[in-house]
Amino acid sequence: MIEHWPAAVLAYLLGSLPFGAWVARLRGVDITKVGSGNIGATNVHRVLGPGPALAVLILDVAKGLAPAAYGQASGGVLLGLSLGLCAMVGHCFSPFLRFRGGKGIATGLGLLLGADPQVALIALVLFVATVAVSRWISLGSILASLSLFVSGWALARPWQAVALYLAMGLFATYRHRANIARIRAGTEPRFRLRSSARQG
């Protein structure tokens, strides 16, 4: 990995681009101060509606996919995961936002699609099923993230990859700790396809 440090730095910088904040700013909104304050597609959807949210989702997935796909093609799944994780860290701790950022789910999906599509597909199916039943995107994100470890182990991925999947699942759960508290309290917002623009 050491010889790939320039790619790792570039992956971090790509991941740190806060597309959610920039798309919202084009609409005259500081997304960090409305809704949940998160820069991800879910909060953009809640505040600005499905169009801007879809744009943010695509861009956030792409910035995880590009470095992961490059790494996978250059050195296999471990390098792909490593470079994708650099992008995910950039998304969560962006220098453009004083080292704050999103929760990394969309960028994490991108890195999985680029580095390990089978694991990505399992996580995506679990996410969709969970959201369809519960209408909690946060719960779908947590369960999908925690499934990575199980999928990686069941598919006989290298132990280093399985360890990374475990770390990703625990990190995603930690980033959703406020959502977990709201789910337990019954106050977590449920996903609706149509969302009123500038709703708090």
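Guide: Start with one aromatic cluster, formed by Phe-19, Trp-22 and Phe-96. Keep in mind that this is a predicted model. Across the whole structure, a search finds three aromatic pairs.

Take Phe-19 with Trp-22. This aromatic pair is edge-to-face. The centres are 6.0 Å apart, and the planes stand at 85°. Both residues belong to helix α2, which covers residues 19-26. Phe-19 and Trp-22 are three residues apart there, so about one helical turn separates them.

Trp-22 has a relative accessible area of 32%, which makes Trp-22 partly exposed.

Now turn to the other partner of Trp-22. The ring centres of Trp-22 and Phe-96 lie 5.7 Å apart. Their planes meet at 75°. The cut-off for edge-to-face is over 60 degrees, so this pair is edge-to-face. Trp-22 sits in helix α2, whereas Phe-96 sits in the loop between α5 (77-92) and α6. The pair therefore ties together parts that are 74 residues apart in sequence. Phe-96 is partly exposed, at a relative accessible area of 47%.

Helix α6 spans residues 105-115, and helix α7 spans residues 117-134. Their axes come within 6 Å and cross at roughly 140°. On the α6 side, the contact is made by Leu-109, Leu-112, Leu-113 and Ala-115. On the α7 side, Pro-117, Val-119, Ala-120 and Leu-124 take part. By class, the contact has eight nonpolar residues, with no polar and no charged ones.

The charged end of Arg-175 sits over the ring of Phe-93, 5.2 Å from the ring centre. The charged end of Arg-190 sits over the ring of Trp-136, at 4.1 Å from its centre.

Definitions and conventions. Residues numbered from 1 in each chain as written. Predicted model: local features only at pLDDT ≥ 70, side-chain atom pairs only at ≥ 80, totals over all residues. Heavy atoms only, no water. Axes fitted to C-alpha atoms, helices over the stretch in contact; angles between N-to-C directions. Helix = DSSP H or I, 4+ residues; strand = E, 2+ residues; numbered from the N terminus. Contact = heavy atoms within 4.5 Å. Nonpolar A, V, L, I, M, F, W, Y, C, P; charged D, E, K, R; others polar. Phe/Tyr/Trp six-rings, centres within 6.5 Å; stacked < 30°, edge-to-face > 60°. Buried < 20%, exposed > 50% of the residue type's maximum accessible area, 1.4 Å probe, protein only. Lys NZ or Arg CZ within 6 Å of the ring centre and 35° of its normal.
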